[in-house]
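Hi,

Here is the structure I promised to hand over. Have a look at it first, and then read on for what turned up.

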Amino acid sequence: MMNGEGLYKWHHGIQYKGQFKENQIQGRGLLEWQSNCWYEGEFMKGYRHGKGTLVDKDHYRLYIGQWHMGYRHGKGYCCYAEGDSYDGEWSMGKRNGIGFYIYSSGARYKGHWKNDFRHGSGIMAWPNGDVYHGEWKCGDIHGYGEYIWHGFCNKNFSWPQSIFYFGNWYRSTKHGKGLLKLNSMGGVKYFGHWKYNKKHGYGMIIGNNGELMEDQPLYSKDILTSSHANKISNILKPRTATILKPEQFPSLSYHINRLIKLSSMTNFSVCSRSLGKCYVCKKKQLCSCLLQFSFQIRNDPNIPINSIDIKWQYEKHQIYDYLTMHMLQIRHVYDIYAKLFNKEESNCKCHFVMIKLTLWQLWRDCNINIKGFSLIEIDNYLAENESSFIKKPYYPFEQIEIWQFLHALLEVSWRIYYWKNNQIKIKIKKQWEHGVLAKCLNEFLTHDVYPNVGNFIGMFH
């Protein structure tokens, strides 16, 4: 019997040099074929078994890793003729388990595999910047997943405006519930039902300025229902002027209705028609607090019926005019804090989105804590305003669009320069002060924000 070290040659040119045991190839050795192919590693009963390297020079193939009875099995690295490579787990010659695959096109996938297919959870990045993270089935995007088009990757807490879809998929098509966000300034969003890549059924659109449109159904096979087509097209249509943009005209109903409620309660009562859930009186059910142009005279017969309407419109126009005048500076402040952690030099020309963490940094720079407000209190105040769509208090990586930033400025300025100084006098206040919101915002921007931008007090690390 052949035992120990030896050399064995077959008549067709194949040869083995290595260890033998009881007439079988077993142990470590080198097996060479005539076709520029060879294997060096461990054997068991004539099979490649254990750790070993297989090289096929004619077909430009390479495998380094573990084997089981002649099959790639366990952990191993494989390079294919096309230029692809795989580093991960194997089972009986097929990719199974967790592995990292680099395609010759430059695309990369890291995640779970089953029978040579992407299957389970995994993340894939394409050369054009597209990134998908979620579930796969038999090689297709299937289940819940998050897809970002033309994304920009960096190692810092900086998020560019991008197109993404977070939701359910069926064989690589959007299917089920999902959220689609566009990369326009202000971040138009659509949330609703999808059917084979088409919007279908219930839907909700949040425009560039936070304006909300919702219906059941809103779309039918990607076509807007007739009752909403004109209005939604106006929401999504961008303005061409240099300064005037949709995102600088957020909905002011919450701010103005609250102001009117607190300032004029002694003179007016309200009709029964309700616009929704109240955040002034803290009731969970519908009430009559949040009304627009629906106040009635209670005590003073000299006040005309339409006076509240006039005051409401005046307050709105005052704040819009002020925002238009200061919008370039406000955008500059927004951009500074949106890019606060982006230390890398990049050719990316996209707009960056502020996150909650950098908004907190701005509040610290403006010394909000010295004025008697904590970051937790401000987050709670913002969460109360449904029109701001800031839903996650204390979550540092929530993205804040430009129009949400305007809501934050209005809320903090009102708290500091009106509510805090007048909370005792509000109940007996009778005279209306025109342009209250604009005055408060002006005080806040000129005295607190502009002088302190860039101080980076106790900057987060």
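This is a predicted model: local features need pLDDT of at least 70, side-chain atom pairs count only at pLDDT 80 or more; totals for chains, interfaces and linings use all residues.

H4 itself is mostly covered, with nine of its ten residues buried. Among the buried ones are Leu-357, Leu-359, Leu-362 and the tryptophans Trp-360 and Trp-363. You will also find Lys-356, Thr-358, Gln-361 and Asp-365 on the buried list.

Where does Trp-363 turn up again? Trp-363 is one of the residues with the most contacts inside the largest nonpolar core, alongside Ile-319, Ile-368, Phe-405 and Leu-409. That core has 55 residues. At least two residues of this core come from each of helix H2 (253-264), H3, strand S23 (352-355), helix H4 (356-365), helix H5 (375-384), helix H6 (402-422) and helix H7 (436-449). The most is given by H3, with twelve residues.

Setting aside neighbours within four places in sequence, Leu-409 touches Ile-330, Trp-363, Leu-441, Phe-444 and Leu-445.

Back on H3, which spans residues 307-338, you will find Asp-335. Is Asp-335 buried or partly exposed? Asp-335 counts as partly exposed, because its relative accessibility is 27% and the partly exposed class lies between the buried limit of 20% and the exposed limit of 50%. Asp-335 and Val-353 are 18 residues apart along the chain, and their C-alpha atoms are separated by 7.9 Å.

At the other end of the sequence numbering, Met-2 sits in the segment before strand S1 (4-9). Met-2 is partly exposed, with a relative accessible area of 30%. Together with Tyr-8 and Trp-10, Met-2 makes a nonpolar surface patch of about 250 Å².

Finally, some overall numbers for your notes:

- The protein has seven helices and 24 strands.
- Of its 461 residues, 44% count as buried.
- The accessible surface is about 24300 Å², and carbon and sulfur atoms hold 54% of that.
- Among contacts with a separation of 6 or more, 37% join residues 24 or more positions apart.

Definitions and conventions:
Residues are numbered from 1 along each chain as its sequence is written. Side-chain values use heavy atoms; hydrogens and water are left out. Patches are made of residues with over 30% relative accessible area and no salt bridge: like charges are joined within 9 Å, nonpolar side chains (Val, Leu, Ile, Met, Phe, Trp, Tyr) within 5 Å. Accessible areas come from the Shrake-Rupley method with a 1.4 Å probe; for residues, only the protein chains shown count as cover. A salt bridge is a side-chain nitrogen of Lys or Arg within 4 Å of a carboxyl oxygen of Asp or Glu. Helices (H or I, at least four residues) and strands (E, at least two) are DSSP runs, numbered from the N terminus. Buried means under 20% relative accessible area, exposed over 50%, partly exposed in between (1.4 Å probe, protein chains only). Contact means heavy atoms within 4.5 Å. A nonpolar core is a set of buried Ala, Val, Leu, Ile, Met, Phe, Trp, Tyr and Cys residues joined through side-chain atoms within 4.5 Å.
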